[in-house]
Amino acid sequence: MKKIIITVIILTILISCNNNHSEKLNESKIICELDKLETEYEKLCIEAGMEVWEYYSDTNKNSMSHYKELFSGFLLKDSLINSIKYWNLRSNELSNDTLIRRLELWNNILTCAQVDFDPEIIELQNSLETQLSEYPSNDISDNELELSILRLISLRNEKAKKSGYGNYAYMVLQNTGIDTVWFENLIYTLDTGSQKSYNAFIRSHFPDNSDLKYEDIIEYIIQSYYLNDVPVVENNKKEELIYKTISDIGIEMNDLPVQYEITELPPGIGGFGNSIDIPDDFRAVVMKELSFYFLLHEIGHGLNGTNVLIKYPVLKGYEWCTGNSEDLYSEAMAEVIAKFSQSKAWLKENGYDDNYIDSIRNARKELYPVLLRLKLVNSLFEIELYKHPEKKPSDIKNELYRKFFNVDKDFSKKPNLIQLSYVSYPVYEQNYLIADIISWQIHEYLEKEYGENYATNINVGNYLKEKLWKDGQLHNWQYKVEKATGKEPDIKGYLKFLME
């Protein structure tokens with residue numbers, strides 16, 4: 001019944017404003033159609049946000065199936081897909097830049113929806129999400145679970161190829177603001193730019209070891225994972241310090257519709273920020289073990305979402321349909337807030353002495369070559385799964401460790417795919433790598449513009465709102481970074497900061 005209702009809604013939207021494509025595009029009629037379409041779209045996004053929120057915050061909920069089925073019925077209509085494709089291909093005839101951007105995002109959404117909301121994929125994904133919410137379980141073995149995830153990867157590839165992409169990972173990259181050629185050049189630049197520092201790290205820590213092994217380097221890989229766990233903030237002080245940190249840059253949390261809960265989460269998820277109704281309702285759930293840095297990260301998502309002022313739903317940045325938002329930028333905005341806790345001024349303001357601050361910075365400087373190459377491994381692992389589905393995940397992981405750490409490791413003895421992210425948020429890890437670069441660049445600009453005490457300057461919050469948040473998805477991420485900092489994404493500057 002619901003599917004029939006959704007079909008009627010779509011047909012009504014498309015017929016009500018314009019029955020036929022005219023020889024010359026009529027901007028006002030296209031806007032009319034998009035306005036009605038996006039009203040229904042936003043209702044579904046809010047419903048999706050609530051369902052996902054319940055999945056993460058309520059231990060009795062083990063499924064996120066309903067919203068996917070609603071989106072499937074809403075988006076997978078040939079008439080809608082063909083209209084958006086037609087208008088988007090002729091967008092050079094339009095003069096309204098906002099309309100052009102809306103059409104671009106709608107084209108991205110519908111391209112990815114033909115994979116993500118395909119009924120066969122939804123059925124398998126729903127089953128896996130339920131199994132992961134109950135993991136570990138006697139009802140299914142690790143091997144069976146991983147085989148099902150591999151089946152999901154294969155299905156996604158199959159559907160993506162029908163849309164003209166070489167694999168599903170490249171489809172996601174291209175439709176979320178990451179040109180694949182640019183991305184491959186980024187990986188090459190970061191790899192070659194960190195190789196010398198990594199080799200120097202190995203020589204200094206293993207001067208007599210010419211045959212480096214995984215067992216030698218794993219200690220430092222683990223240490224690099226925990227770099228952002230310092231400074232350590234006691235649980236009973238975290239909430240007060242969050243409010244103070246945000247207040248110090250001129251934003252009052254009490255004035256914003258932001259809330260968060262501490263709970264248990266599925267495997268592979270430490271925290272989750274959820275913009276349910278942008279900009280009026282943001283909620284986050286986090287593991288109690290989550291460090292203060294990553295707690296700030298989730299709050300950063302909330303600050304971003306609740307300060308979006310654009311009125312068009314497709315430009316607000318809802319995350320439920322791949323292609324609607326540039327996830328790397330969303331993660332970058334969260335990292336901008338998290339990184340305030342690493343600034344010298346913030347550390348001093350909150351009682352940390354010079355010796356402690358120096359020890360943190362020295363530890364980071366020592367481990368940055370390891371951390372960056374770990375980010376490369378994590379960013380490429382899932383992409384390589386989609387590029388080479390014939391390979392075993394354990395072999396792909398070993399190849400990446402050999403390439404970036406120069407070690408061999410048999411990864412076949414433990415699960416490699418049992419993470420909710422691979423099922424529910426596929427091809428996402430690279431967003432954190434790029435977000436780190438963008439957030440570093442913004443903090444570099446803030447220090448230059450507002451001085452070394454920028455973390456306690458009340459004018460900074462307004463800069464973030466005006467330059468980075470209020471316009472939502474109106475512009476692409478490269479444009480926003482350049483307008484906010486005065487230069488293009490500075491990969492070489494980032495490398496120099498990390499490695500010198």
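I458 lies in the loop between α18 (429-450) and α19 (460-469) of a predicted model; helices are DSSP runs of H or I with at least four residues, strands are runs of E with at least two, and both are numbered from the N terminus. I458 is exposed, with a relative accessible area of 57%; buried means under 20%, exposed over 50% and partly exposed in between, for a 1.4 Å probe and protein chains only.

I458 touches S247, D248, I249 and G250, leaving aside residues up to four places away in sequence; a contact means heavy atoms within 4.5 Å. The C-alpha atoms of I458 and G250 are 3.9 Å apart, although 208 residues separate the two in sequence.

## Tyr135

Y135 is placed in the loop between α6 (119-133) and α7 (142-162). Its relative accessible area is 27%, so Y135 is partly exposed.

The side chain of Y135 makes a polar contact with the side chain of D142, at 3.0 Å. A polar contact is a pair of N or O atoms within 3.5 Å; within protein, one must be able to donate a hydrogen and the other to accept it, and residues adjacent in sequence count only if both atoms are side-chain atoms. Y135 and L145 are 10 residues apart along the chain, with 9.8 Å between their C-alpha atoms.

## Confidence and conventions

The protein chain averages a pLDDT of 92, and 95% of the residues score at least 70; pLDDT is the predictor's confidence in each residue, from 0 to 100. Over residues 1-5, pLDDT stays under 50, and the model has 1 contact beyond four places in sequence for them. Residues 14-22 also stay under 50, with 16 such contacts.

Residues are numbered from 1 along each chain as its sequence is written, and side-chain values use heavy atoms, without hydrogens and water. Local features need pLDDT of at least 70 and side-chain atom pairs count only at pLDDT 80 or more, whereas totals for chains, interfaces and linings use all residues.
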